[in-house]
Amino acid sequence: MGALMSAEWSVYVDESGNDGMDLGQEGVSDYYILAAVAVRSSDLPRTEQSFGRTKESYFQQAPEMKSQYVGNDGRRLEITASLAQASFELHAYAIDKRRLRGNGLAYPKSFAKYFLQDLISELLRRYESPVVRCDRMKGPEFEEEMTRFIYRRHPRYLLRQWTFDFVDSRASVCIQAADLIAGTVHRCCQRFPAAPEQDQLLQLLGKHLARGAYRSFPGSTRDPPGGVLDDRMQRHDPQLEMKALSDAEAYVQRTRTTEPAEAVLAECVAELLKHNALHTSGSWVPTRHLAALCEEVLEEEVSPRKVRSFIGRL
């Protein structure tokens, strides 16, 4: 009985960005990121030691490892490479607040509750009886309310004695690692200015990404803007590889007088390909990623099927 109830995985959760929806206000981020670092119990001592070495090497003067203490992107790449030496699985949620609709998420508590609970649901589908620890957020009242809410949604029973708790990140080097990773995903989502080391950062994180464990909102599972997070999720389109670069610019010239949406889509494809934004270390990103980028331009849904059909006409 004890073996069935033992926790085989420990999961550490932290956030980057803030939950404010007044995007015109100074200090309010466009993106909100949740990152979960999952460590198998048998690997936990070695993983904590590895994260500890990262802390000793790069955060000697700081009270803890935090993304806000990283500094420039070159140093972030060094730190991420150090973190990536440890054994863990990564789950990441990227919420683009600019594209969220509806008033329900305008309230900070509702916003945090919705997305944290959704992440917990994903973790419980993957791990049978995990120990989940989240960095403190919004004060004791919110934490107590959130803990009750999560246990009501995901009750514990005899053969599923999972646990959830908020802990001080200063007491957990693994939560500190989750903070750094969340901050790195956040940095890779930013385009102005984009991180020159973005592709390398995403490749390092992609090696640890659990299958299907990157999600963006609104929309389905997608890669973050500007890069591919998980090489294993790629499904290359030969049409993109063989035709897009050579024909995209010419196609834009031929379609400048067509209806606005078609012209914008053509221009979007051409610009992305012309600047090689869809090419990462010799691999072509999935069409669904191209569709996601086109959606940002058109501000309407663009299916991967539509994009494939469109590229087929190049």
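Axes here are lines fitted to C-alpha atoms, for helices over the stretch in contact, and angles run from 0 to 180 degrees between N-to-C directions. Helices (H or I, at least four residues) and strands (E, at least two) are DSSP runs, numbered from the N terminus. The model is predicted: local features need pLDDT of at least 70, side-chain atom pairs count only at pLDDT 80 or more, and totals for chains, interfaces and linings use all residues. Residues are numbered from 1 along each chain as its sequence is written, and side-chain values use heavy atoms, without hydrogens and water.

**View A. Helix α6 packs on helix α7.** Residues 173-189 form α6 and residues 198-206 form α7; their axes lie 10 Å apart at about 140°. From α6, Ile181, Thr184, Val185 and Cys188 meet Gln198, Leu201, Leu202 and Leu205 of α7; contact means heavy atoms within 4.5 Å. Six of these residues are nonpolar, two polar and none charged (nonpolar: Ala, Val, Leu, Ile, Met, Phe, Trp, Tyr, Cys and Pro; charged: Asp, Glu, Lys and Arg; polar: the others, Gly among them).

**View B. Lys97 sits in a loop.** The loop runs between β3 (89-96) and α4 (108-126). Lys97 is buried, at 2% relative accessible area (buried is under 20%, exposed over 50%, partly exposed in between; 1.4 Å probe, protein chains only).

**View C. Buried residues of helix α2.** Leu44, Thr47, Ser50, Phe51, Gly52 and Thr54 are buried. They pack against β1 (9-17), β2 (31-40), α3 (73-83) and α6.
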